[in-house]
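The paragraphs below go through one protein model, topic by topic. Please keep the sequence and the 3D view at hand while reading.

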Amino acid sequence: MNNVVWKLLKKNISVAQIAGYALANLAGVIIIMTGLQLYRDVTAGGGDDDDLLSTDDYMILSPKVTGLGALSGGGKGFSTADIDDLKAQTWVKAVGEFKTAEFNVSAGVNFGGRGMSTQLFLESVPDEFMDVNLRGWNFDPLSSDEVPIIISKDYLALYNFGFAASRSLPRISESMVGMVPIELSLGGNGRRYNINGRIVGFSSRLNTIAVPESFLDWANDTFSDESHSEPSRLIVKVDNPGNPAIQRYLADHDYEVAGDNSGIARASYVMGIITSAVVGIGAVISVLSIVILLLSISLLMQKNRDKISSLVLLGYSPYQVAGYYIRVVAWVNIIIFAVSAVSLLIIRQAWNPTLAEMGMEGSSPVISLITGAAIMLAVTVVNILYIRRSALRC
């Protein structure tokens, strides 16, 4: 009996309309899934916060120095009002202050039977802005007998390939550098104090010699006879470094960015815009395909109005009649998702080799597949509700 009912109802189903809907929706879903996956693969990089197109980034700001700098009044720091104004910007996620040693510091090392010493500068930033493992990153003036130090990776490269090479000194690796003995000599305010230092890590983000804030606060209070000055540098976590609003703000306030990577930032911003445009186009195509299907269903129900009324009089409920059409739409949507998923996995192979050559691992397609499945599930639910509503009206 069910076969007879189905043969009766399917006579007015337009295969061309169903195929048109399937092809349009297929194109829309593939565009959305592919655009999302491409963006995720490119931004995934190697898993580092400082990857090529990371959505979050860190900027180190300082006031522009003009003329003779501090001698001409151009060496001011950031006031509390400046920092509060910066924190109020919508693109700012967090702001950290660089604290500077306000006393004399010299460091001496002795290895390979040869020793050297130099004047040094020390700074500190809040721990949340560090990009290295902070294990052992603490200092207690009452119990600690050494100061943990983090330096820029560039400094180690300069030593190995510049200073050490010209002085016939041994080169050292990152794994060995923690073994190099360092003696810090702190002086100021009529006092002198020697303490051991130990390099515990290297930073790609901070171009400085960093020590724990607890150490610098204690040392400044002990060896400095001056009031604490305004910070001359800030580290800012931003949501998208390519945002044009950032460049306008920096230009209006005469701020400079250390190690300016505006080219990469603009690439990140443009990539985000392109991805949004591509996904938007896919969404519009999908919505239009759904409208096409709903119009087709409405027309189909009108053509079968008499047949549906007769079936209802024979004891079939409107929901039973609607179930035949629902199964057709559900199977079409399942096929659309399956083809879209296979297409995504095939298409992404076009850019995977290029990303691999750039040292970028890409990301798992699971999120993109889940997104596609969610879209098709939502489309199916809309279709089912509309078919059942149309059946009740007949």
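The lining of the largest pocket is made up of 20 nonpolar residues, 4 polar ones and no charged ones. This is a predicted model. The pocket holds about 650 Å³ of space. Of the 24 residues that line the largest pocket, Met116, Thr118, Leu120, Ile151 and Tyr159 lie nearest its centre. Several elements each give two or more residues to this lining: strand 4 (104–111), strand 5 (114–119), strand 7, helix 4 (153–167) and strand 8 (182–188). Helix 4 supplies the largest share of the lining, with 5 residues.

The next topic is charged pairs. Side chains of opposite charge can pair when their charged atoms come close. A search of the whole structure turns up 5 salt bridges. In one of them, Glu213 and Lys99 meet through their side chains, at 3.7 Å from N to O. This pair links distant parts of the chain, since Glu213 is in helix 6 (residues 213–223) and Lys99 is in strand 3 (residues 99–100), 114 residues apart.

Lys99 also takes part in a salt bridge with Asp217, where the closest N and O atoms are 3.2 Å apart. Asp217 lies in helix 6 and Lys99 in strand 3, so this pair ties together parts that are 118 residues apart in sequence.

Which residue forms a salt bridge with Arg198? The partner is Glu146, and the closest N and O atoms of the pair are 2.6 Å apart. Arg198 belongs to strand 9 (residues 191–203) and Glu146 to strand 7 (residues 146–152), so the bridge ties together parts that are 52 residues apart in sequence. Strand 7 was named above among the elements that line the largest pocket. Arg198 is partly exposed, with a relative accessible area of 31%. Glu146 is partly exposed too, with a relative accessible area of 28%.

The surface also has a nonpolar patch, formed by Val366, Ile367 and Ile370, with about 250 Å² of accessible area together. Ile367 is found in helix 12 (residues 366–393). A relative accessibility of 39% is why Ile367 counts as partly exposed.

Two loop residues remain, and the topic here is the backbone. Asn189 has a phi near 60°, a positive value in a residue other than glycine. Where is Asn189 found? Its place is the loop between strand 8 and strand 9. Strand 8 is one of the elements that give residues to the lining of the largest pocket, and strand 9 holds Arg198. Asn189 counts as partly exposed because its relative accessibility is 40%.

Asp254 is not a glycine either, yet its phi is positive, at about 55°. Asp254 sits in the loop between helix 7 (244–253) and strand 12 (255–257). With 46% relative accessibility, Asp254 counts as partly exposed.

Note on methods: Residues numbered from 1 in each chain as written. Predicted model: local features only at pLDDT ≥ 70, side-chain atom pairs only at ≥ 80, totals over all residues. Heavy atoms only, no water. Patch = residues over 30% accessible without salt bridge, like charges linked within 9 Å, V, L, I, M, F, W, Y side chains within 5 Å. Areas by Shrake-Rupley, 256 points an atom, 1.4 Å probe, with all protein chains shown as cover. Salt bridge = Lys/Arg side-chain N within 4 Å of Asp/Glu carboxyl O. Helix = DSSP H or I, 4+ residues; strand = E, 2+ residues; numbered from the N terminus. Buried < 20%, exposed > 50% of the residue type's maximum accessible area, 1.4 Å probe, protein only. 1 Å grid on protein atoms, 1.4 Å probe; cavity = no way out; pocket = protein on both sides within 12 Å on 5 of 7 lines; lining within 4 Å. Points joined across faces, edges and corners; volume = space filled by probe spheres on them. Nonpolar A, V, L, I, M, F, W, Y, C, P; charged D, E, K, R; others polar.
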